[in-house]
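Hello,

Here is the structure for you to look over. My notes on it follow below.

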Amino acid sequence: MRLYSLSVLYKGDPKVHLLKAAYDVSTFNFFQRSSVQEFMTFTSQLIAERSALGSRASVKEQGESCPWPHSGKSHPKTEPGGGQSWCWELLGRVLDEFSRQVSKVDWPSGSPATIEYSALDGYLSKYQVQSPAG
């Protein structure tokens, strides 16, 4: 499975906004990369707007699933077995780490330019394999 994006969003009132994201659009045509990245951001925001806090779901498109946790205070836990358990583990790890490193006071007004959290690029690079070990 290839990861193209890892995003952390804030679901506030009146809308969802992006706090931090990492993208790997290198497999797309150079002239499409900006549009693909914008589409990923838009889609992430749309899914977050339509999801309840604390819910967990997968979005399926053309046979591929995309895990989607929408955290309140709880984060997704790894389920034994199953091909996507490492995805849920990664998402839980990212959300837990982000929650510890970025003050909740900054979330309502935060943006990718103002939020200091640099781990997403590393996670995106590390998890470009089917079943990473730890």
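His17 counts as buried, because its relative accessibility is 18% and the cut-off for buried is under 20%. Keep in mind that this is a predicted model. His17 sits in strand S2, residues 16–23. A polar atom of the His17 side chain lies 3.3 Å from the backbone oxygen of Pro108. Leaving aside residues up to four places away in sequence, His17 touches Leu9, Tyr10, Gln45, Trp107, Pro108, Ser109 and Gly110.

Trp107 also turns up among the aromatic rings: ring pairs join Trp107, Phe98 and Tyr117 into a cluster.

Now the aromatic pairs. Searching the whole structure gives four of them. One of them is Phe30 with Phe31: ring centres 5.3 Å apart, planes at 85°, so edge-to-face. Phe30 and Phe31 are both exposed.

Another is Phe98 with Tyr117. Here the centres are 5.2 Å apart and the planes stand at 80°, so this pair is edge-to-face. Phe98 belongs to helix H2 (residues 85–101), while Tyr117 is in the loop between H2 and helix H3 (119–126), so the pair ties together parts 19 residues apart in sequence.

Best wishes

Terms used
Residues are numbered from 1 along each chain as its sequence is written. This is a predicted model: local features need pLDDT of at least 70, side-chain atom pairs count only at pLDDT 80 or more; totals for chains, interfaces and linings use all residues. Side-chain values use heavy atoms; hydrogens and water are left out. Rings of Phe, Tyr and Trp (its six-membered ring) pair if their centres lie within 6.5 Å; planes under 30 degrees apart count as stacked, over 60 as edge-to-face and the rest as tilted. Buried means under 20% relative accessible area, exposed over 50%, partly exposed in between (1.4 Å probe, protein chains only). Helices (H or I, at least four residues) and strands (E, at least two) are DSSP runs, numbered from the N terminus. A polar contact is a pair of N or O atoms within 3.5 Å; within protein, one must be able to donate a hydrogen and the other to accept it, and residues adjacent in sequence count only if both atoms are side-chain atoms. Contact means heavy atoms within 4.5 Å.
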